[in-house]
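I opened this notebook to keep track of what I looked up, entry by entry. The sequence and the model come first, and my notes follow.

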Amino acid sequence: MLNEIFPDEIPRALQHMLEHDQADGPTTLPRRSFLKIVGIGGLALGAFPHLALAQEANGGAAAPLKPNQQPSAFVQIAPNGEVTVTINRLEFGQGVQTSLPMILAEELDADWSLVRARNGNGDAAYQDPIFGVHLTGGSNSIKNSYTQYRELGARARAMLLAAAAARWNVDANSLSTQAGTVLGPAGRKASYGELAEAAMALPVPEKVTLKDPKEFRIIGHATTRIDAKAKSSGQQDFGIDMHLPGQLTAVVAHPPVFGARIASLDDSAARATQGVKAVLRVPLDGGAEGVAVLADGYWQAKLARDALKLEWDLASVEKVDSEKQLLQYRELAGQPGPLRFDADMTPLATATHQLEAEFVFPYLAHAPMEPLNCTVQLNEGRAELWVGTQFPGGDSAAAAKVLNLKPEQIQMNVQTAGGGFGRRGVPTGDFVVLACEVAKAARAAGLNAPVRTLWSREDDIKGGYYRPMHLHRARIGFDESGKVLAWDHALVGQSILTGTVFGGRVKNGIDPTATEGMRDPYPLPMRLTVHHPNVNVPILWWRSVGSTHTAFVMETLIDEIARTTKQDPVAYRMKLFADQSPRHRAALQLAVDKSEYGKRPLPAGHAWGVAVHESFSSVVAYVVQASLEDGRPVLHQVTAGVHCNLVVNPRSVEAQVQGAALMGLSMCLPGGAITLKDGVVQQSNFADFSVPRITDMPEIAVHIVPSAEPPTGMGEPGLPPLAPAFANAIASLTGKPLRELPFKMT
Amino acid sequence: MSALNINGREYTVDVDPSTPILWTLRDTLGMTGTKFGCGAALCGACTVHLDGQAIRSCVTPIAAAQGKKITTIEAATDGSDPVGTAVHEAWVKHDVAQCGYCQSGQIMSATAFLKAQPKGKQPTAAEIDSAMAGNICRCGTYARIRVAVADAAKTLA
């Protein structure tokens, strides 16, 4: 998500959102309150000071460095030498709680065995250094914070060196460091833990020299996650595990059709349920209404919610039906509309080969394993939130709006999350806003306890904010050599960005998150017509966003052209890449070499499949081996070639590719679809919205192209090429292309 | 009032006997290592042991635990149980967890499976898959789960 958003647009959009209802409220934290908030731990013994504090102490001038450049907000060194690094991102599986500390520790020259990690909060220091807002998405964590964390580590190290130089009365240039220790002349040694307090009183250097990457001893080395032990023993706390004194749990009855309001409510049975504290009507997003049941614990709240007698006013809401929607999308695909690309289509009529294809992609739920939740404590003129969110910046603004507070009156505590895949980064902040509405209603009803609003799995699967349904239609004319003469393409699907704080990115009626991944890097003359219908189904980005469908369309059609013109699909792609796409070439070649594609004989009934795709600045190529078992497509082996420039933690990249590949597989297998009938979502839990299990997992080998260029992200790019590679293998077995996800075998 | 034996300790809880073990652990006793994933015995995130058998605590009422022993992730991985310890260590060694949310359930399923293995028998790949098929991991850590279970089995042999 957000990969195409210009750096300055998000803060501007948020600013606008804030100013809209908070005209008199300041939108950034004043410096003094920054210091106080950092004090949640940042001013503990041995922590590095905020620059302003150090310089005030030294009678110095105001800080030229931004909060996100201050070591004080990111690294604490305890007297025992433990180095705690604060991460400016949500840790929700992607491993930033290890890779960001690795980057900082590298330049700090820390003893890795003593490095710990903790989550940042809503403080300005923890905004994305490029976007200027609190955000985890678009596979940007490492890409945007690599230099930031290196510089933070280098600044902290320089301060430790300066402290040692002062202690020994020597020139700091004569000192060196070695894994958490400063080494001086005549065998002098001082641990970082000993020096931290003195270093704290020193000014923060603005300019620092970074290491030559050849000297890296942490970055680039396979490193076990810092949270591996906690996550392998039930000790890791997630947002759902919040347990404040007196805390209540709320479960909310949502309407069966998006946007509906209550016609009648009989809550007598619910109120009579043991442990129930309140039954409250709450506004939901999209003008809808719900009923929150508050009880001591989830189970009582859920039982009581199930006991509500509710009738809904469904007359005034659009009731979506997926089958009818598909017909409407087909109709739309034939209409003229805004053009993303506008090549000349004249050669289409006379081309030797003509190919027509239609693709259908359903709505998809994210279904992170930790159900959505948010805990809210309201006090007079103040609110504190605990939530696993990818977008604390937007959520704070949305919470402030709902609660009639100023943004600085919201304390946002980012909790480690049990997955997200985009669902925890919502422009409207839906589940955070809901939790605030519930807490607000509870307070109005005289309940001042903190309230944890918790979704059931059914609430999650039925709750919207899906990857949008899409229809693609292509007419392609090409010659005997496979040269594409004209490619006329139409894409139909709801716009994710329209109507959100990111709406400014929608240009000429085209949402770039719908078209990303189309055409490029292939040098094709394409005309791309885009339609964004309005549909009463809330939608959202889903791991790898537009590329979840565009990569499938592009990579299966490219394969089909190769098959039609009797060319090897690898050779054909390499020919198209020519000299223009060296990273695509390298990734694909690596996957080809490691898989022994075309060289190794396959078992009878097995076939190779290939796909390569760039998303979020990284390129992933898959060579897969698949077969049909009783007519059912089975994926046996996956070999990945990955180009993400310099790798911070190879183990993490491997894990992300394994996981993204499996999520790509989830789009192919039966049950990987959300459908609606008469406005009602037909799936409700993992029985009918099924996700892959261990028995579906192919063998997977991940290989990374060596590179010294600044790193690009890997949270998403492993997803897009999996489904087309699998489909291409099946198509080469059956001779019939697969053009619908999940796969439909006819 | 219901009496429960959890991780070798006796507890008395004032909750309706139909309340699932999961919510008694999490909301009443504050033992949050056991996770809520689906509420319908479909994902395995809530797996605990009841008299050594892996069960889905989200659909098992505390009434069913009367006179039986509940073991949760907290005890299985605290170093006191050799099988749980081997599984925990293999999980760390192979860096299985991503978001980590489902891993309590995964580890409890793996531990029950390995405890039921005849002494000296190494499970096959198909047996491991079959034993772990009830536990969903949306992050897709299955490749490393396979390796970790096999490695733990080897350690215990």
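Which residues does V506(A) touch, not counting residues up to four places away in sequence? I found S495(A), L497(A), T498(A) and D511(A). Contact here means that two C-beta atoms, placed from the backbone, lie within 7 Å.

Before going on, I noted that this is a predicted model, in which local features need pLDDT of at least 70, side-chain atom pairs count only at pLDDT 80 or more, and totals for chains, interfaces and linings use all residues. Residues are numbered from 1 along each chain as its sequence is written, while chains are lettered from A and ligands numbered from 1 in the order in which they are written.

**Entry: around V506(A).** I placed V506(A) in the loop between β19 (484-493) and α13 (512-515) of chain A. Helices (H or I, at least four residues) and strands (E, at least two) are DSSP runs, numbered from the N terminus. S495(A) is eleven residues from V506(A) in sequence, and their C-alpha atoms are 8.5 Å apart. The cut-offs are 20 or more other C-beta atoms within 10 Å for buried, 12 or fewer for exposed, and partly exposed in between, with C-beta atoms placed from the backbone.

**Entry: domains.** I looked up how chain A is divided: domain 1 (9-232), domain 2 (239-316 + 372-454) and domain 3 (334-364 + 465-734). These bounds come from an automatic or database domain assignment. The C-alpha centres of domain 2 and domain 3 of chain A lie 37 Å apart. Their contact takes 14 residues from domain 2 of chain A and 13 residues from domain 3 of chain A.

**Entry: a sheet.** I traced an open sheet of four strands in chain A, in the order β21-β22-β23-β26, with mixed pairing. Strands pair if DSSP finds at least two bridges between them. Its edge strands are β21 (606-615) and β26 (699-704) of chain A, each pairing on one side only. From one strand to the next, the twist averages 20 degrees. Strand β23 (residues 632-643) of chain A runs parallel to β26(A), joined by six bridges. Across this pair, Q637(A) stands opposite E699(A) and G641(A) opposite H703(A).

**Entry: the core.** I counted 273 residues in the largest nonpolar core, where V293(A), Y622(A) and F726(A) touch the most other members. Helix α5 (residues 141-168) of chain A gives the most to this core, 13 residues. Such a core is a set of buried Ala, Val, Leu, Ile, Met, Phe, Trp, Tyr and Cys residues joined through C-beta atoms within 7 Å. Beyond four places in sequence, F726(A) is in contact with residues including G609(A), V624(A) and C668(A).

**Entry: two chains.** How many residues does each chain give to the contact of chain A with chain B? Chain A gives 47 residues and chain B gives 47 residues. The largest share of the chain A side, seven residues, comes from α17(A).

Key
Axes are lines fitted to C-alpha atoms, for helices over the stretch in contact, and angles run from 0 to 180 degrees between N-to-C directions.
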